[in-house]
Amino acid sequence: MAKFSMNQMTTLRWSFEQDCFRYREAGLTAIHVWRDKIHDYGEAKGAILLEELGLEVSALSWAGGFTGSDGRNFKDALEDARHAVDLAHELGAGCLIVYSGARGGHISKHAQRLFSGALDELIPYAEAHDVTLAIKPIRHKYGCDWTLIRRMTDALQLIDLIDSPRFKLVLDLYEFGDQPDVLDNLHLLIPYLALVQVGDRGCEPQEEPNRCLLGNGHLALDATIAKLIQLGYQGPFDIELMGRDVQKLEYDEVLSHSMGYLQAMNG
């Protein structure tokens, strides 16, 4: 039986409180929390609401920007990441997603050194707080605005190099759900996985993600999810839907359709 969570980016215009109540009413038991939303609501108050509703936190997004691509200097980005670790610990989040930031004006080696330096500082802090950091490779063009980690092999090499039980991988099926080199080697990914994200794709995106309703694209999501479970993955599958194909829909419709897909898949 697959376990699912809903990513708060799916219902971007709803408030943190709306997300919590609507997800729970829809039958979901887990939520992927975005820091901006819980910050606006109040972090301590948000933690209480999640506990009262019985919503587990599958993941917290996000920390990073260590290359300065979002306008912060290295010190400020690292301090913000420590606060994100504190919040992930308070929420009992399954993982905290970490992005390096874009290469920006740096040469590649310097950008990589900045990210490595941040991880050297952040991983011991996460270990001390029992928080798992997770990196998410993004292979499509827009990924260069977020991370230096674009290929699955690069992510796995970095995780092996760091060699910490609190440093793992996010597998986004929207990004890699039709890539034979990934699908044929899912058994090798299982020990690395902190989270699997789910979104369907009808066409190759260009400047930004364009995720469609589950089952409306060409990705064999149900087969891939079943295979991951068969191989021993026990973590949550996080539904993240955003882009022009879903932005015209009402959020209640997106939730209803997603729950119908999940119920059909779970039998």
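How much space lies in the largest pocket? About 520 Å³ lies there, in a predicted model for which local features need pLDDT of at least 70, side-chain atom pairs count only at pLDDT 80 or more, and totals for chains, interfaces and linings use all residues. Residues are numbered from 1 along each chain as its sequence is written, and side-chain values use heavy atoms, with hydrogens and water left out.

**Figure 1. Lining of the largest pocket.** The lining consists of 24 residues, of which Met-9, Glu-208, Pro-209, Met-242 and Gly-243 lie nearest the centre of the pocket. Two or more residues each come from α11 (244–247) and α12 (251–266). By class, the lining has 13 nonpolar, three polar and eight charged residues. A pocket is an open set of points on a 1 Å grid over the protein atoms alone, where a 1.4 Å probe fits, with protein on both sides within 12 Å along at least five of seven lines; lining residues have an atom within 4 Å of a point. Grid points are joined across faces, edges and corners, and the volume is the space filled by probe spheres set on them. Ala, Val, Leu, Ile, Met, Phe, Trp, Tyr, Cys and Pro count as nonpolar, Asp, Glu, Lys and Arg as charged, and the others, Gly among them, as polar.

**Figure 2. The second largest pocket, with a volume of about 430 Å³.** Of its 24 lining residues, Lys-3, Phe-4, Thr-29, Ala-30 and Pro-236 are the closest to the centre. The elements giving two or more residues to this lining are β1 (3–7), β3 (56–64), β7 (193–198) and α12. The largest share, four residues, comes from α12. The lining divides into 12 nonpolar, 10 polar and two charged residues. Helices (H or I, at least four residues) and strands (E, at least two) are DSSP runs, numbered from the N terminus.

**Figure 3. Packing of helix α1 (residues 16–26) with α12.** The two helices pack at an angle of about 35°, with their axes 10 Å apart. Arg-22, Tyr-23 and Ala-26 of α1 and Asp-252, Leu-255 and Met-259 of α12 make the contact (heavy atoms within 4.5 Å). This contact has four nonpolar, no polar and two charged residues. Axes are lines fitted to C-alpha atoms over the stretch in contact, and angles run from 0 to 180 degrees between N-to-C directions.

Figure 4. Ser-58 is buried, with a relative accessible area of 6% (buried means under 20%, with a 1.4 Å probe and protein chains only). Not counting residues up to four places away in sequence, Ser-58 touches Ser-5, Ile-31, His-32, Gly-94, Cys-95, Leu-195, Pro-236 and Asp-238.

Note on methods: Buried means under 20% relative accessible area, exposed over 50%, partly exposed in between (1.4 Å probe, protein chains only).
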